[in-house]
Amino acid sequence: MRNRKKTLKATVDEMRNFSFAYIERYAPSKQQLRTYLLKKYLKANLENIKKQDITDLIDVVLQDLEKSKFINDKFYSESKSRSLIQRGSSVNKIRNYLMTKGINDRYIKETIDKIKEDNSDQDFFSGIKICKKKRIGPARVEDNRVLFYKKDIALLARNGFDFETSKRIMDIDQADYIKIIRLL
């Protein structure tokens, strides 16, 4: 196909094949797939096809994939949020992550509401997981907790936890922390 000129039909079929390969490998959101295809075809420099035609074709391919349920932003949002909760991410961090992946605000709101419905104090338990993973706050030796208090609060803040939640996590004594860890 290198020697002959590419037609729009050949480009659409090729675009579908690239999409299937990418979906199989990465399970992307709709926006991630759109970005991948745009980069792939804008780099290709197809001489007889305009850039606007490429973006229109990408939209057609994405709609087709969405109708056939190969890509689904709602499912992507729910599965990624579950994965991030398992790692100890805060609700704010999950929201920001989904926004950067181009997920619709409606799906993000539904996902966050579902997280809060399942566990009203999700940030607290996620913060405990972070403390265990990073060995900070209540996971530290009692003598070092006071020395590293500000540093640990800052680490929790960088992970998206608000000050009240961070303070609550840091003020837990070690016996309660061990009980909570056993429940998780």
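K167 has a relative accessible area of 37%, so this residue counts as partly exposed. Buried residues are those under 20% relative accessible area, exposed ones are over 50%, and partly exposed ones lie in between (1.4 Å probe, protein chains only). K167 forms a salt bridge with D171, and their closest N and O atoms are 3.9 Å apart. A salt bridge here is a side-chain nitrogen of Lys or Arg within 4 Å of a carboxyl oxygen of Asp or Glu.

The model is predicted: local features need pLDDT of at least 70 and side-chain atom pairs count only at pLDDT 80 or more, while totals for chains, interfaces and linings use all residues. Residues are numbered from 1 along each chain as its sequence is written, and side-chain values use heavy atoms, with hydrogens and water left out.

**Salt bridges**

Side chains of opposite charge can pair when their charged atoms come close. A search of the whole structure finds 10 salt bridges.

| Pair | N to O distance |
|---|---|
| E66 and K30 | 3.0 Å |
| D59 and R34 | 2.9 Å |
| K167 and D171 | 3.9 Å |

Helices are DSSP runs (H or I) of at least four residues, numbered from the N terminus. E66 is partly exposed, at 31% relative accessible area. D59 is partly exposed at 30% relative accessibility, and R34 is partly exposed at 22%. Elsewhere, D13, R16 and D64 are linked in a network of salt bridges.

**Helix α10 and its cover**

In helix α10 (residues 163–170), the residues T165, S166, I169 and M170 are buried. Seen down the axis of α10, the buried residues fall within an arc of 130°, so they line one face of the helix. The arc is taken from the directions from the helix axis to the C-beta atoms. F163 and E164 are exposed on the other side of α10. The buried residues of α10 are covered by parts that include α7, α8 (142–145) and α9 (149–158).

S126 lies in helix α7 (residues 122–134). With a relative accessible area of 0%, S126 is buried. Leaving aside residues up to four places away in sequence, S126 touches G88, S89 and F161; contact means heavy atoms within 4.5 Å.

Two packed helices are described by the angle between their axes and the distance between the axes. For α7 and helix α11 (residues 174–183), the angle is about 100° and the axes are 11 Å apart. The axes are lines fitted to C-alpha atoms, for helices over the stretch in contact, and angles run from 0 to 180 degrees between N-to-C directions. α7 and α11 are therefore roughly perpendicular to each other, a label used for angles of 65 to 115 degrees. At this contact, F124, F125, I128, C131 and K132 of α7 meet Y177, I180 and I181 of α11. The contact residues divide into seven nonpolar, no polar and one charged. Nonpolar covers Ala, Val, Leu, Ile, Met, Phe, Trp, Tyr, Cys and Pro; charged covers Asp, Glu, Lys and Arg; the others, Gly among them, are polar.

Methods: Helix = DSSP H or I, 4+ residues; strand = E, 2+ residues; numbered from the N terminus. Parallel < 35°, antiparallel > 145°, perpendicular 65-115°, else oblique.
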